[in-house]
Amino acid sequence: MKLTIVAKNFNMTPDLKEITEKKLSKLDKFFSEDIHGTAVLRKVKSDEIMEVTITLPDGTVMRSEQKTKDFYETVDKVLAQLERQIRKHKTRLQKRYQNNDSIKFAEIPDFEMQSKEEAPKIVREKVFFLKPMSREEAALQMELVTHDFYLFRDSETDKVSVIYKRGDGDYGLIREE
């Protein structure tokens, strides 16, 4: 796996970069060399956040984001979460990549269910009219209904968009292309 490491809002020490590369190289046993991953390490106030994104050939994305007070601990948490995701979704990935050597399935241990977990099911469905509104109005509406996201039709583009509250308190926008 090809890994790109990026530091934001701080200067990364050579030791931190080396340990990050070394620990995340444990994921190499699951992926071929043509798979690309990105690790973004950033500081926000007193928190140290690491986000790792791995993109598979068909556009499938595996992602983990962890926040602690120490980058060395954060790397361990991210690695554990990604390994758990890979084990948990092994069967689905095998179906999708059965004739592809991007993922090394022999290296992925089977996932042991800790309890009788069922696949997630849809338990509620909402239908509503998408009123055209500005992004600012959508953010206000989201705050008024106290949700973490809000679906709306952007009045500038007339496209369906989702505004959401990010972990750092700012807003993000997902829009239809």
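User: How many salt bridges does the structure hold?
Analyst: The structure holds 12 salt bridges, a salt bridge being a side-chain nitrogen of Lys or Arg within 4 Å of a carboxyl oxygen of Asp or Glu. This is a predicted model, where local features need pLDDT of at least 70, side-chain atom pairs count only at pLDDT 80 or more, and totals for chains, interfaces and linings use all residues. Residues are numbered from 1 along each chain as its sequence is written, and side-chain values use heavy atoms, with hydrogens and water left out.

User: What does Lys69 form a salt bridge with?
Analyst: Its partner is Asp47, with the closest N and O atoms 2.8 Å apart. Lys69 is in the loop between strand 4 (61–68) and helix 2 (71–88), while Asp47 is in strand 3, 22 residues apart. Helices (H or I, at least four residues) and strands (E, at least two) are DSSP runs, numbered from the N terminus.

User: Is Lys69 buried or exposed?
Analyst: Exposed, at a relative accessible area of 56%; buried means under 20%, exposed over 50%, partly exposed in between (1.4 Å probe, protein chains only).

User: Which residues are linked in a network?
Analyst: Salt bridges link Arg42, Glu51, Arg63 and Glu65.

User: Now the sheet. In what order do the strands come?
Analyst: The order is 5-6-7-8, in an open sheet of 4 strands with mixed pairing. Two strands pair if DSSP finds at least two bridges between them.

User: Which strands stand at the edges?
Analyst: Strand 5 (132–133) and strand 8 (171–175); each has a single partner strand, so one side of each lacks a neighbour in the sheet.
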